[in-house]
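This report describes selected elements of a model with two chains under review. Please consult the sequence and coordinates shown below while reading.

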Amino acid sequence: MRPEANGSPTGGAIRAEPRRHRRALRPVFVDQSGRRRRLVVAAGAVVAVLVVGALGMLIAGLFGASPVPLPGLPDMGRPAPTQPGPEQAEPDQPRPTQPASAVTPTRPAPTGPTAATEPTAPTESAGPVLPTQANPTAPPRHVPTQTPANPGRPTRP
Amino acid sequence: MANHAHRPEPRAHWLLLGLGVLLLLGELSLAGFVNQVGAEGSGPRAPVAAAAPAPEAVLTGGPVLRLGADGELTTRSMPADTIALTFDDGPDPVWTPQVLDVLARHQARATFFVVGSKVNEHPELVRRIVAEGHELGLHTFTHAELVTLPQWRRELELTLSQNALAGAAGVNTILLRPPYSSRPSAMTAAEFQAVASVAAGRYLTVLTDLDTRDWANPGVDAIVAAGTPAPGQGAVVMLHDGGGDRSQTVAALDRLLTELSGRGYRFETVSAALDLASAHAPVDRTAAWRSHGLRFAQNLGSWLSSAMEVVLVVALVLGLLRLLVQVFAARIHARRAERRRSRQPLRYLGPVTVVVPAYNEAANIAATVRSLVENDYPSIEVIVVDDGSTDGTADIVRSLGLPNVRVIRQANAGKPAALNTGIAQATSDLIILVDGDTVFDRQAIGRLVQPFADPSVGAVSGNTKVANRRGLLGRWQHLEYVVGFNLDRRLFDLGECMPTVPGAIGAFRREVLYAVGGVPATTLAEDTDLTMATLRAGWRVVYEETAIAWTEAPATLRQLWRQRYRWCYGTMQAIWKHRASLRERGPAGKLGRRGLVYLIAFQILLPLAAPAVDVFALYGLVFLPLSQVAGVWLGYTAVQLLAAGYALRLDRERLTPLWTLPLQLVVYRQLMYLVTVQSTVAALTGIRLRWQTITRTGAADRMLSEARR
């Protein structure tokens, strides 16, 4: 392929290109120095990083959402229209505090052995433990919520 | 060539292409998902006729449902004199601010059940909702009807919505209102199951007491009447701040607030009305980042899908236009050629030298040389240049003992060098260049030189046909050749911009070859390079479709890949080498502005866009109406079939191979565009390529004799 390897006696007329003949003897596109290759590789790497980043963002958005603890519904001094059976205990659940708040003024005395391990109160983020996991049989934890201004209620963010 | 050190072929771009395709597919899917967003009163609504009702506790219970992780159900209603205004289907850039303004004027608090994808589109509205003391609830990501969705979609709808809220306002929420929900008494068992499957232990489900049906725009009075509770009773009131013209809602809201606050009603968020702590929970930093990612992905997806639509339309229009122009041009060309042939009988135009470069062509060379010598043209000289073959190619030719056949041996120096050796030895003024694997039709030489009767013609292209037409690959290539020679080449002939006289069968004037400096060796497509140089030197290059040569096409995908890689890369080299013709005048300008532009558009740019088009087709199969996708595909295929059928008829070929054309959609099409990708990368990186020959089996001759029978 390379002209210098061309051993055929083709004569001057066939050899010479009219203009830029030095350049014309080199294969088109070939870069002996390898500089262009390095440039393209670098550009490709940048594009790859961007593509992987965008893929990561796409995938990350599909997952996550750490669960927010679901509070029990406070009994508001009158029975709910229906009281179907076993969820009588529901209103007795302690209302969980705002996850961000470090103090738990509404939480009364420890509720048996499970309370010691309950992680929601001290951790900063919303813990995975739902209030329903608290021992529902503990009787004295009912916080009357008749008073409209509950002092233990954290302010709305 | 083989002696020189090569860097390995680049490979990393395949990974990049794969990742890019994956990203495009993902982003388009997200965009398609988001585009399905509906609102109350729009989109499909599953028929609820004869549906079993939800459990009694739900039907007769309050509008706020709490399902424990263990499935325990509690319901609550609003306390007396308390109204929880709820707004669904927002945020909306027009109506949400108006609703917020009215609420602020009356110092009322409300709850907004927002659609997650719209949150990503208007995060600032969500921030304003929170800043003004209102609360947020989920209304799914795409306003999807939960009961119709598989469980994974339900989970995804809520996860995406929480992520959207986290990104916009830095909070998650425990409130959920299923789209298309109404009062508890209207709930079916299936709807309750669907809600329970996602809400248990995680969300308070907020239905409504008073469904104003404001989305149907029933008039301000009707909305006010529907939103007014019985005296003294509390209520959850359902309104909408998105999904259409909500001016009636805004007006009705103002009246409701005025009238009801006069009667001593308080307007609270759902959680405040139930004496709960806030429904919001702040999110940690990871969740915030994730949510920004989601918003970015949604924006990118929406942008990409619009961009892809433009690309698709451009590609489709260009493709159709090309076929149309081709068929039109082919018709004109065929008629002119017919007239010319009927006027002029075949003439003797002086002696002809045929140059056959041969590198390890033992399988074919005897048939090639015999077919040349047996041509019925009065004076034929054949020069076989053995380019350092190791399989005894030269000896085979010598052993034939044919008169007027000379064999020249040279050390391996490449095809252009072999051609130049033969050209230098040629004694005739007309020189035919032939590949070592090509078998000439008996009339080919006589026909091929006829156009030289016109002194302005410098080169003539013959008509190459595929000899081995067995199997899908053979038929595909046969069709491609017939279309390429009968549509493309006739168009190029009319446009005086023929970019290639094929190496398999082409004739040149000796003075042309000398004027352009012989066969150039700086590109891998020396035939294209030589033809372009001929045009730029001011000669005409024409097509003679009756001069037929039979060639052996690659029989395996690997061989086809190598051949096309060389062609594609070589064509790119030739285009680049002759790029100055884009600005030149006269015949060179015609080559540049017609031929090169055509090649750049249809052999480089469109194939490079083709992977994205394929991805869009996949996306279309899932997200677009099937009739639309099928219509476009069928229409395009029909036009292609018509054009190919016309090309076959022009060449007096049978139409039967046409059935393989729609199958080119898989494998063949991908191979063709991936070759272009590979060639582009090779060109950009500037690596040196190996000349790759294909393995010859002598099939051209065998197939030809079969075809003649």
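Which residues does Pro229(B) touch, not counting residues up to four places away in sequence? The section on this proline gives the reply.

## Basis of the model

The model is predicted: local features need pLDDT of at least 70, side-chain atom pairs count only at pLDDT 80 or more, and totals for chains, interfaces and linings use all residues. Residues are numbered from 1 along each chain as its sequence is written, while chains are lettered from A and ligands numbered from 1 in the order in which they are written.

## Surroundings of Pro229(B)

Pro229(B) touches Ile83(B), Asp209(B), Leu210(B), Gly234(B) and Ala235(B), with residues up to four places away in sequence left out; a contact requires C-beta atoms, placed from the backbone, within 7 Å. The proline is located in the loop between α8 and β10 of chain B. Helices (H or I, at least four residues) and strands (E, at least two) are DSSP runs, numbered from the N terminus.

Pro229(B) is buried, because 20 other C-beta atoms lie within 10 Å. The classes are buried for 20 or more other C-beta atoms within 10 Å of a residue's own, exposed for 12 or fewer, and partly exposed in between, with C-beta atoms placed from the backbone. Between the C-alpha atoms of Pro229(B) and Arg409(B), 180 residues apart along the chain, the separation is 105 Å.

## Domains of chain B

Chain B is divided into domain 1 (61-283) and domain 2 (310-345 + 437-708), with bounds from an automatic or database domain assignment. Their C-alpha centres lie 63 Å apart.

Helix α5(B) (residues 123-131) has Leu125(B), Val126(B) and Ile129(B) as buried residues. Seen down the helix axis, these fall within an arc of 100 degrees, so they line one face of α5(B); the arc is taken over the directions from the axis to the C-beta atoms. Glu124(B) and Ala131(B) are exposed on the face turned away from the buried side. The buried residues pack against α3, β4 (110-114), α4 (116-121), β5 (135-138) and α6 (151-169) of chain B. After α5(B) comes Gly133(B), with a positive phi near 90 degrees.

The 16 residues of α9(B) (residues 247-262) should span 22 Å at 1.5 Å a residue, and the end C-alpha atoms are 23 Å apart, which agrees; the expected span is 1.5 Å times one less than the number of residues. Buried positions in α9(B) include Val250(B), Leu253(B) and Leu257(B). Among the partners of its buried residues are β3 (82-90), α8 (220-227) and β10 (235-240) of chain B. Gly264(B), which follows α9(B), has a positive phi near 90 degrees.

## The eight-stranded sheet

Eight strands of chain B form an open sheet of mixed pairing, in the order β15-β14-β13-β16-β19-β18-β20-β17. At the edges stand β15 (405-410) and β17 (439-440) of chain B, each with a single partner strand, so one side of each has no neighbour in the sheet. Two strands pair if DSSP finds at least two bridges between them. Strands β18(B) (residues 457-466) and β20(B) (residues 540-551) pair in the parallel sense over eight bridges, and Ser461(B) stands opposite Tyr543(B) in β20(B).

Helix α16(B) (residues 471-495) packs on the sheet, touching β18 and β20 of chain B, and its direction makes about 155 degrees with that of β18(B). Axes are lines fitted to C-alpha atoms, for helices over the stretch in contact, and angles run from 0 to 180 degrees between N-to-C directions.

## Chain A

Chain A contains four helices and zero strands. Of its 157 residues, 25% are buried.

Methods
Two residues are in contact if their C-beta atoms, placed from the backbone, lie within 7 Å.
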